[in-house]
Every structure is written in C-alpha cells, then in structure tokens.
Amino acid sequence: MTSMTPDVCVIVPTIREYECVRSYVANAEEHGFDTDRLEFVLVTEDHCPTDEMGAMLDDLGVAGEVFDGSRRESWLDDRGVGDYDHLIPARSHAQTSFGLLYLWAHDHPYGVFIDDDTRPHDDVDFFGTHLENLNAERTVESVRSDENWVNVLYHTADDHGLYPRGYPYAAMDETVETGEREVSDVVASQGLWTNVPDLDAVRILMDGDLQGQAETRLTADDFGPDFVAEPGQYLTVCSMNLGFRREVVPAFYQLPMDDNEWSVGRFDDIWSGVFLKRAADVLGKDILTGDPLCRHDKAPRSTFDDLHNEVAGLELNEHLWKLVDDAGAGADTYAGVFAAMADALLDAEADYRNGDFLAHVGEYMHDWLACLDELQSVERAVPADD
C-alpha cells in the first residue's frame, strides 16, 4: 500500500495505559488501514514515562509526539501563543484540547480521540469505520425525544435502564421517536463502548457499585444501528472513542475543567458535545453515533471520589444546554456559533450552585477562538516537525 502523509491526528490522553496504542495500530494493520495516515499525539504529565512512550511510537513505526506539561508549554511559546496556556487545564482529561491545537496547527483534516482504558474490537476496522462515517452518504436512523435529549443507549434502555454520563436527570423517562434520514455532511463520528458503561457516579452508585465501574455490563448486542439525533435534540458526546473533521475545532474546545476555583470537573467532553451539537444544527451538519464500538476497561476506583469530582457541576449540567439552545442562529461558521454561545454564558443569569463558572467558561471560549486565529497565522513560520 502506498505511504501517505498523516491525515489523521490520533489524540490520546494518558498517564498509565499508553500501551493501548499498540492495540489500535495492530487493529489498523489487521484491517488494511494504512498506518502512515496516522499521527499520534500522547498528552501526558511531567511525572510520566515520556521516553518510554516515545520509544513505543518508534517501535511501532508510526508518526507521533509525546507532550507532557513542560513540552506543551514550550510548544505554545514557540508558536507565539504562550499567553493562552491557561486554556489547557492542569491535571485534567480536558488537556485533550492541546491535541486539538496540534491538529489545527498541522492541518490534519481528521482527528480521533481515544482514551487509554479502551481497546478496539478485533473484528472492527476502527479507523476505517470512523473515516467511512465522516464521509458517509447514506440513510440512517434518526432519533428524537419529548425531552429534547437522546439517550445514546436507547436501543436496549428498557432492559438495562442506563443513562450515560452527562445526560440531564430532568430529561430522563423520555418518550423516544425514531425515523430515517439521509446524511451527507457528518462532522463527528461517535463510537460507543462495550463492557463498562460510561456512567456518572450517581448512576454507578444506583447500579450498586462502589468501585467506579457499575455492575451492569454492555455487549455489542445492546446496540442497534447507527443513528443521528435530529436537529434541536441533544446527546452526550464521549471523547473516549470519537472521530471528527478539522472544521469543528473552533466549536469543540474541551473547556477549563478541574483546574478552576469552583472545582468543576468531569464535564469537558459532555459540554463540548452540547456546543458541537448546537453548532452542527445551525450549520446543517450531523453527528453520527454507533460504530465503531470499542471495549471500555475502566480500572476500579472509588465511586465516591468520582462523585466528589462531579458534584460541583451537576446542577450546571441540568441547565447549560438551555442557555445555548437558541445561540448563534443565522451564523455561518463554527466560530460564529461558538462565540454566540460564549456570549450567552457570559450574559446568563445563572442563579445555580457555582453559577459563576459559566461566565468563566464563556471567557475561555472566546480565548479559544483567539488562540486558534493567532496559531493559524504563525504556524507557517514554524517547521512542521518541530
């Protein structure tokens, strides 16, 4: 197969299970997906084994970079955007935003988020399926509910009763309606997950588990056909298995979670998914959900620790989507919709617990757009392999 310049930026936040990359590279090779198309960006911390991570990429023969906190800071400084280093929160999964900046600077047309506690299914062409979804022109199931939210686990929800992490409690017990719709402009491909479901701590406790996982397990049989949520409908977007087009980056910032005075965390991909869905609706784009499935092998940890990390933002999560639900109407760019949503958060009368955090998010959203503009303008002067 002819070698190619990497066009898929694979972003992996990791502090311990970086060897997951071997499984994804092996899957690509097994299914004939050209690994020369892949460039891996491992986002890690200063105390982690960065040399070993780099050696693994060399051993696999794939392009890639390893960025701990110090190297991220240098990379931003070298590109004249060091003043925006606050956009990348310390010790947070939301550091995946750095991967988005790297993708943006290097003009990768596609990105894939992978969490290090996942593995691809052997019988599924992981990268090939994501790329097929992002170039899909086909008829798929279309879903809506009377609560304006779609449970991505709805196919067998009557059996297991699960709602994914970030799904608003007020939108539960919804009535689901399905139909069919042609899709031809898919900008995000959300793959779902077998084994450990992606639940929040409250739901894990309700499922009777104190080790942060949930007693209920999912198999491929729990998922139906690929689907899209209809315009005006929201859904949880989990970044553990997600492909996307470069064009969405201005509306896909992963938000200043964990590293803030309100201790709000754990909603980086959830809230960025709300913003992305609103932008997609305004611009006539789609988020396709379903395949490729991955296996989620979440390690045991205290459910109560997760609860502590989530509780500061639980009330905000119930209301955030309503605050941006009419923002950006008439805008014709992702940046335009994102700026309108940022203004909506800045102007919100958010009389909620930790409500001031919403204005904080709005400020960072504007900074994100400014950083992308400046990064784009200086990147041409910086060697691409720096």
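Helix 3 (residues 69-78) and helix 4 (residues 96-106) pack at an angle of about 35°, and their axes are 12 Å apart. The model is a predicted one, in which local features need pLDDT of at least 70 and side-chain atom pairs count only at pLDDT 80 or more, while totals for chains, interfaces and linings use all residues. Residues are numbered from 1 along each chain as its sequence is written, and side-chain values use heavy atoms, with hydrogens and water left out. Helices (H or I, at least four residues) and strands (E, at least two) are DSSP runs numbered from the N terminus. Axes are lines fitted to C-alpha atoms, for helices over the stretch in contact, with angles running from 0 to 180 degrees between N-to-C directions.

The crossing of helix 3 and helix 4 is left-handed, meaning that the near helix is turned anticlockwise from the far one by less than a right angle. On the helix 3 side, R72, W75 and L76 meet F98, L101, Y102, A105 and H106 of helix 4; contact here means heavy atoms within 4.5 Å. These contact residues divide into 6 nonpolar, 1 polar and 1 charged. In this grouping, Ala, Val, Leu, Ile, Met, Phe, Trp, Tyr, Cys and Pro are nonpolar, Asp, Glu, Lys and Arg are charged, and the others, Gly among them, are polar.

Turning to open space, the largest pocket holds about 1,200 Å³. A pocket is an open set of points on a 1 Å grid over the protein atoms alone, where a 1.4 Å probe fits and protein lies on both sides within 12 Å along at least five of seven lines; lining residues have an atom within 4 Å of a point. Grid points are joined across faces, edges and corners, and the volume is the space filled by probe spheres set on the points. Of the 42 lining residues, I15, R16, H93, R266 and R301 lie nearest the centre of the pocket. The lining divides into 11 nonpolar, 13 polar and 18 charged residues.

Finally, some backbone details deserve a look. Most residues other than glycine have a negative phi, and most peptide bonds are trans. N148, although not a glycine, has a positive phi of about 65°; N148 sits in the loop between strand 6 (138-145) and strand 7. The peptide bond from D291 to P292 is cis, with omega near 0°, and P292 belongs to strand 13 (residues 286-296).
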